[in-house]
Amino acid sequence: MTDFVNAFRTAFELIVGLDPELVRIVTLSLQISLAAVLAATVIALPLGAAVALLRFPGRRAVVILLNAAMGLPPVVVGLVVYLLLSRAGPLGSFGLLFTPTAMIVAQCILVMPIIAALTRQTITDLHEEYDEYLRSVGAGPLRSIGTLIRDGRFRLLTAVLAGFGRAIAEVGAVLIVGGNIQNVTRVMTTTIALETSKGNLALALGLGLILIIVATTINGLAMAVGEAAESRHG
Amino acid sequence: MAEVEGSLEPAGACPLLPLVTDGLCFTGGDRRLILDGVSFRLDDGFRTVILGPNGAGKSVLLRLCHGLLRPTAGQITWGGLSPAAAASRQGMVFQRPVLLRRSVRANIEHVLAIKGVRAGERGARVRAALERAGLARLADRPARMLSGGEQQRLSIARAWVMEPEVLLLDEPSSSLDPAATRAVEDLVREVAAGGARVIMTTHDIGQARRLADDVLFLHRGHLLEHSPASSFFAGPAHPAAARFIQGDLID
Ligand SMILES: Nc1ncnc2c1ncn2[C@@H]1O[C@H](COP(=O)(O)OP(=O)(O)O)[C@@H](O)[C@H]1O
Ligand SMILES: [Mg+2]
């Protein structure tokens with residue numbers, strides 16, 4: 001019991017004292033997840049909008065695939081990215097394994113389907129509502145897509161935040177492709193997992209607290225965005 | 001309305017008219033005939049009301065005329081043009097207003113931008129349109145937070161701002177209270193007085209009496225009667241229409 005209390009006290013001291021190791025880990029976590037979500041968004045927004053608006057062969061398969069991929073097991077994503085980037089793999093020559101870039105790739109693959117699927121749903125719903133108006137006034141395809149994205153911007157932002165929430169809290173994929181190398185690829189989740197198993201509860205707890213704060217802030221933001229949109233535009 | 005001598009007729013006086021339909025049929029998804037052999041001709045200078053009970057096919061007919069749906073069989077021409085070619089010179093007001101998640105002002109600006117009105121010109125036209133619809137003081141409100149009547153007036157203002165030659169309205173006041181209905185009807189009269197050819201649907205006999213110059217009576221996908229409003233309300237030729245305007249429930 002006193003161990004436990006001590007661990008908590010030390011954890012607080014690490015946070016309040018802005019322990020350099022802790023700060024480095026938190027910063028890297030945020031950088032990696034932000035980059036991953038940014039890259040995922042750049043792919044997912046056009047992809048989701050295209051699947052919502054265009055009729056092409058295999059479209060239904062893409063929709064099913066996207067929805068299924070929302071629940072991809074992180075360790076499997078990690079394994080696949082590992083195989084691709086490992087020295088013997090097809091992308092091995094880039095030497096990316098166990099680098100932050102590999103972690104960004106893994107997280108990007110993990111959250112891209114989430115953002116794309118939510119984008120598709122958002123744009124589909126709005127399109128159903130706006131379609132006759134847009135056709136009636138003679139809006140061209142570009143204008144129509146622009147209108148749908150602009151008017152769906154709150155829900156799209158919520159989708160991006162949901163992606164970030166998943167990326168920052170995920171452990172399996174980044175552990176496999178990052179390797180939890182001190183000062184290089186240690187992020188909050190991997191450090192928590194390994195330090196706990198080594199019995200270093202203080203650092204694990206400190207990072208856990210910060211992770212909870214980050215995650216709840218993201219959720220709170222998403223809710224606030226949704227409510228702001230609702231109260232402003234119904 | 002008196003016809004002006006040919007040579008004095010203002011240039012471009014509604015060349016979209018007459019609207020002619022011939023043997024118009026529309027089949028729904030389950031192969032049910034929703035419109036069955038609808039033929040009529042609408043000339044310039046009237047307010048036409050398409051009257052009929054719910055489910056008669058009024059909305060489908062209006063969408064066909066505006067080119068939003070394709071007929072299964074039959075022809076529609078607007079002064080010789082196809083509905084798709086004529087649509088850009090028409091305004092359409094839907095039964096349930098389709099308003100963008102933007103301010104009242106931005107809803108009008110959206111149409112102006114699509115129609116290629118220069119940005120510098122838009123402000124004055126937005127103000128004029130909102131003024132006419134009695135919405136000027138609501139310009140900065142989110143459009144979808146307006147009352148039902150205000151939303152429908154905004155839809156009309158948005159359809160009207162491009163000064164269309166024809167304004168199509170699908171039951172514009174079906175879910176409004178009497179005061180809001182009156183405001184919508186006043187606006188429709190103003191649009192018509194401004195020179196737009198008004199074609200609207202309603203299931204409300206009182207509204208048809210107040211607004212119609214001529215009446216198309218639609219029932220179960222059949223056009224049962226097309227007469228001037230005065231003779232239609234004095235005594236409709238078709239028994240179903242007679243029962244309908246007596247207030248009987250026909251279906
Ligand atoms: N786009 C459509 N495609 C197929 N069927 C439709 C469509 N719109 C309406 N219908 C059907 O056509 C029938 C007539 O509908 P509608 O024209 O809306 O009647 P009204 O406007 O006179 O109340 C209804 O049974 C409706 O379900
Ligand atoms: Mg209808």
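**View 1. Backbone atoms of chain B reach ligand 1.** In this predicted model, a polar backbone atom of B:Lys58 sits 2.8 Å from an oxygen atom of ligand 1. B:Gly55 does something along those lines, with a polar backbone atom 2.7 Å from an oxygen atom of the ligand. Then there's B:Val60, where the distance between a polar backbone atom and a ligand oxygen is 3.0 Å. On its own, ligand 1 would expose 560 Å², and the protein buries 65% of that.

**View 2. Here's the shell of residues around ligand 1.** Count the neighbours and you get 13 residues surrounding the ligand. The closest are B:Gly55, B:Gly57, B:Lys58, B:Ser59 and B:Val60. Sorted by class, the shell holds 6 nonpolar, 5 polar and 2 charged residues. Which helix gives the most to this shell? That's helix α1 of chain B, residues 58-66, which puts in 3 residues.

View 3. To find your place in the pair, look for B:Gly91, which stands opposite B:Leu167 in β6(B).

View 4. The tally for chain A is 10 helices and 0 strands. Reading along the sequence, you simply get α-α-α-α-α-α-α-α-α-α. As for its extent, the C-alpha trace of chain A spans about 70 × 50 × 25 Å along its principal axes.

**View 5. Two helices of chain A, α2 and α5, pack against each other.** Helix α2 covers residues 20-53 and helix α5 covers residues 100-136 of chain A. They pack at an angle of about 35°, and their axes are 6 Å apart. Which way do they cross, left-handed or right-handed? The crossing of α2(A) and α5(A) is right-handed. As for what lines the contact, the α2(A)–α5(A) pair brings in 23 nonpolar, 7 polar and 1 charged residues.

Conventions:
Residues are numbered from 1 along each chain as its sequence is written. Chains are lettered from A and ligands numbered from 1 in the order in which they are written. This is a predicted model: local features need pLDDT of at least 70, side-chain atom pairs count only at pLDDT 80 or more; totals for chains, interfaces and linings use all residues. Side-chain values use heavy atoms; hydrogens and water are left out. Axes are lines fitted to C-alpha atoms, for helices over the stretch in contact, and angles run from 0 to 180 degrees between N-to-C directions. Helices (H or I, at least four residues) and strands (E, at least two) are DSSP runs, numbered from the N terminus. A crossing is left-handed if the near helix is turned anticlockwise from the far one by less than a right angle, and right-handed if clockwise. Ala, Val, Leu, Ile, Met, Phe, Trp, Tyr, Cys and Pro count as nonpolar, Asp, Glu, Lys and Arg as charged, and the others, Gly among them, as polar. A residue is near a molecule or strand if one of its heavy atoms lies within 4 Å of it. A polar contact is a pair of N or O atoms within 3.5 Å; within protein, one must be able to donate a hydrogen and the other to accept it, and residues adjacent in sequence count only if both atoms are side-chain atoms. Accessible areas come from the Shrake-Rupley method with a 1.4 Å probe; for residues, only the protein chains shown count as cover. Two strands pair if DSSP finds at least two bridges between them.
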